[in-house]
Amino acid sequence: MILSERLKTIADFVPANSIVGDIGTDHGYLPVYLIEKGIAKKAIGTDISRNSLEKIYQLVKSRGLEKQIDVRLGNGLEVFKPFEVDTLVIAGMGGLLIRDILDNHKEVADSVSNFILQPNIAAKELREYLYDNNFEIIDERLVKEWDKYYEVIYAKKGKAYLKEDIYLEIGERLFINRDPLLKEYVQHKILVTENIIDKLDVDASEKSRDRYLELSKKIEDYKEVLSRIESF
Ligand SMILES: C[S@@+](CC[C@H](N)C(=O)[O-])C[C@H]1O[C@@H](n2cnc3c(N)ncnc32)[C@H](O)[C@@H]1O
């Protein structure tokens with residue numbers, strides 16, 4: 001099984017010998033990879049869609065992995081009992097959905113040691129939730145695939161202190177690690193925000209004026225971190 005760069009980065013965070021729950025597994029590539037590479041000793045692939053589940057079920061069967069990979073249909077963590085898995089992967093969904101999945105079944109989330117989270121959007125809101133709910137972000141990595149950037153967050157339960165607000169938008173670990181994609185990622189964020197500003201009709205309403213000020217401030221913050229990165 002050859003994984004995409006994004007899924008490979010997620011797999012690289014999975015600790016050896018873990019029992020992994022992959023929520024919203026869809027195609028099921030990740031559980032199959034983790035078992036075939038001997039990284040996980042057991043994996044449970046789950047999905048809310050019966051159609052997705054059929055895909056992973058066929059893949060698991062075709063590779064003779066039924067003993068090591070369970071397949072479960074359900075919404076988020078409802079398919080687990082506490083302490084059934086020690087590592088959770090929730091990837092390829094919005095940050096708000098990932099946040100809700102963690103929050104809806106705290107008795108399960110609290111029993112898990114490792115969380116590997118990859119929000120497609122709303123990473124800021126997800127980090128906010130993690131900081132506010134006794135998670136500690138242990139590591140982070142950026143991945144670029146087809147001109148799209150992905151943030152992969154590795155967290156554990158613990159206490160963390162948010163040193164600067166910008167670390168909600170751009171994970172502190174990316175700075176500490178001098179992530180190779182960090183500079184172009186921030187430049188990309190500046191471009192995207194400038195494009196939004198260009199389309200705003202500032203004189204149209206007070207709301208659009210406020211939005212303009214908010215986005216201008218955001219660009220200032222990005223530029224400030226960019227100069228920090230350039231001085232690494
Ligand atoms: C875009 S796919 C991501 C697949 C894979 N995790 C990856 O990163 O490549 C999102 C999957 O999450 C599933 N999903 C969405 N909400 C879910 C929920 N509340 N519980 C379980 N699965 C969910 C969808 O059915 C879909 O198969």
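Being predicted, the model is read with limits: local features need pLDDT of at least 70 and side-chain atom pairs count only at pLDDT 80 or more, while totals for chains, interfaces and linings use all residues. Residue numbers start from 1 along each chain as its sequence is written.

Starting with the overall picture, the chain has ten helices and seven strands, taken as DSSP runs numbered from the N terminus (helices are H or I with at least four residues, strands are E with at least two). The C-alpha trace spans about 60 × 40 × 35 Å along its principal axes. For 232 residues, a compact globule would come out with a radius of gyration near 17 Å, and the 19 Å of the chain agrees with that; the radius is taken over C-alpha atoms, and the globule rule is 2.2 Å times the number of residues to the power 0.38. Buried residues make up 32% of the 232, where buried means 20 or more other C-beta atoms within 10 Å of the residue's own, exposed means 12 or fewer, and partly exposed is in between, with C-beta atoms placed from the backbone. Of the contacts with a separation of 6 or more, 66% are between residues 24 or more positions apart; a contact here is a pair of C-beta atoms, placed from the backbone, within 7 Å.

Turning to the ligand, 17 residues surround it, and the closest are Gly-24, Asp-26, Ser-49, Ala-91 and Gly-92. Two or more residues of the shell come from each of strand S2 (40-47), strand S4 (87-93) and helix H4 (95-104), and S4 gives the most, with three. By type, the shell holds seven nonpolar, eight polar and two charged residues; Ala, Val, Leu, Ile, Met, Phe, Trp, Tyr, Cys and Pro count as nonpolar, Asp, Glu, Lys and Arg as charged, and the others, Gly among them, as polar.

S4 also deserves a look as a strand. Five of its seven residues are buried, so S4 is largely enclosed by the rest of the structure. It runs parallel to strand S1 (residues 18-23), joined by four bridges, with Asp-22 opposite Val-89 of S4. S4 also pairs with strand S5 (residues 114-119) in the parallel sense over six bridges, and Leu-88 has Phe-115 in S5 as its bridge partner. Pairing requires at least two DSSP bridges between the strands.

In helix H3 (residues 50-62) sits Leu-53, which is buried, with 20 other C-beta atoms within 10 Å. Leaving out residues up to four places away in sequence, Leu-53 touches Asp-47, Val-71 and Leu-73. Leu-53 and His-27, 26 residues apart in sequence, are 7.8 Å apart C-alpha to C-alpha.

Most residues other than glycine have a negative phi. Asn-134 has a positive phi, near 60°, in the loop between helix H6 (123-132) and strand S6 (135-145), and is exposed, with 12 other C-beta atoms within 10 Å. Trp-146 also has a positive phi, of about 50°; this residue lies in the loop between S6 and strand S7 (148-157) and is exposed, with 7 other C-beta atoms within 10 Å.

How values were computed: A residue is near a molecule or strand if its C-beta atom, placed from the backbone, lies within 6 Å of it. Two residues are in contact if their C-beta atoms, placed from the backbone, lie within 7 Å.
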